[in-house]
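Take a look at the sequence and the 3D model below. We will walk through it one part at a time.

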Amino acid sequence: MSKASTGGGQEKVEAYLGELRRRLRGLEEAQVGEVLEEIRGHIAEKTAAGASIEAVMAALGNPEALAREYLTDALLARAEISRSPWRVLDGLFRWASLSMAGFLVLVVSLLGYFAGAVLVLLGVLKLFHPQTAGVWTWMDAAGTREISLRMGFYGPPAGARELLGWWVVPLGLVVGCGLLVLTTRFALWCARQYRGRRGSQ
Amino acid sequence: MKNLPIPERDDGEKWEVQLRKGCLELAVLAALWDGPRYGLEILARLESGSDLVVSEGTVYPLLSRLKGLGLVRSEWVESESGHPRKYYELTAAGRQRATEMQATWSRFAGSMSKLLAPLHKEKAKA
């Protein structure tokens, strides 16, 4: 490894790369190593050609911004190969560890996937628990109306009335699957917007 | 009468950024057309005679994305500079993608020039 011309400069390079490494956590270790090696080479060759370390780093952008671009790119690239919720969620967890925006998108996506999965499950379980699964409504002790999704493992409360009947099967499947697809689209859309905004800075 | 929205001051700038970003992928693939190049060579090619690259930092993640999509492959090569260099090379899929993008680009650029012809005339008169 060649040293940069000035000792202080080398420290700055190491600080930059250290910060980049921290921000890239979530990517596979081998990939992080390659990114760091490539950026290190870029800085070394540019400075060897006479550019100042400050100018080289300014042209690269700050480590946080650079890392973010790698991570949202990784999310989008995964999703372009397969749109399975697992892949999308895996990418979102990595993004969430990096930024508040990623965290919010993760929370909304988790809710969307959860609600979608519950509806699909409800539609399927109605076939196995025809008497007890479904959407039930009843008056509780305080006289307020309760509405509850029941998977059918326990009986509904006494005096409860079922709302949708067999309709819960097609509705649960269609709305549930729709939610799963919409959530994936939402997450990818957010990642694209985010990447777009980043690129314009 | 409704008030027209006041256009943002940097609208022109934003449009330019979007345009540049949209072209960057094709430009990078084109920079690899003649053979393998490493990051700095790709940057040098993009920077000479074009203002496509605003931040050098955007090119490296883009290369990594193109690799993830199977459009380029990479190889580390030792160099006399003391640092190994990561060379990128188009894959067959990358070549095909570049050709498709180039066809789309040519069609698009052709129709835009036709549409913009009146503006040229105006300029010549002035």
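This is a predicted model: local features need pLDDT of at least 70, side-chain atom pairs count only at pLDDT 80 or more; totals for chains, interfaces and linings use all residues.

Two strands pair if DSSP finds at least two bridges between them. Helices (H or I, at least four residues) and strands (E, at least two) are DSSP runs, numbered from the N terminus.

Residues are numbered from 1 along each chain as its sequence is written, chains are lettered from A and ligands numbered from 1 in the order in which they are written, and side-chain values use heavy atoms, with hydrogens and water left out.

Stay with the sheet of chain B. Strands of a sheet pair through backbone hydrogen bonds, either parallel or antiparallel. Here β2(B) and β3(B) (residues 85-90) are antiparallel and share 6 bridges. One bridge pair is V77(B) with R85(B), which sits in β3(B).

Now pick out E45(A), a residue of helix α2 of chain A. Is E45(A) buried or exposed? Its relative accessible area is 16%, so E45(A) counts as buried. Buried means under 20% relative accessible area, exposed over 50%, partly exposed in between (1.4 Å probe, protein chains only). Residues up to four places away in sequence aside, E45(A) touches Y38(B), L40(B), S81(B) and R85(B). Contact means heavy atoms within 4.5 Å. R85(B) is also the bridge partner of V77(B).

Step back to chain A as a whole. Chain A has 7 helices and 3 strands. From the N terminus, its elements run α-α-α-α-α-α-β-β-β-α. Of its 201 residues, 44% count as buried. Among contacts in chain A between residues at least 6 apart in sequence, 62% join residues at least 24 apart.

Turn to the strands of chain A. Strand β1(A) (residues 134-139) is largely enclosed by the rest of the structure, because 5 of its 6 residues are buried. It has antiparallel links to β2(A) (residues 145-150) through 6 bridges. T137(A) stands opposite I147(A) in that pair.

I147(A) leads us to the surface. I147(A), L163(A), L164(A), W167(A), L171(A), V174(A) and V175(A) form a nonpolar patch with about 690 Å² of accessible area together. Patches are made of residues with over 30% relative accessible area and no salt bridge: like charges are joined within 9 Å, nonpolar side chains (Val, Leu, Ile, Met, Phe, Trp, Tyr) within 5 Å. A salt bridge is a side-chain nitrogen of Lys or Arg within 4 Å of a carboxyl oxygen of Asp or Glu. Accessible areas come from the Shrake-Rupley method with a 1.4 Å probe; for residues, only the protein chains shown count as cover. Helix α7 (residues 168-199) of chain A gives the largest share of the patch, 3 residues. W167(A) sits in the loop between β3 (161-162) and α7 of chain A. At 61% relative accessibility, W167(A) counts as exposed.
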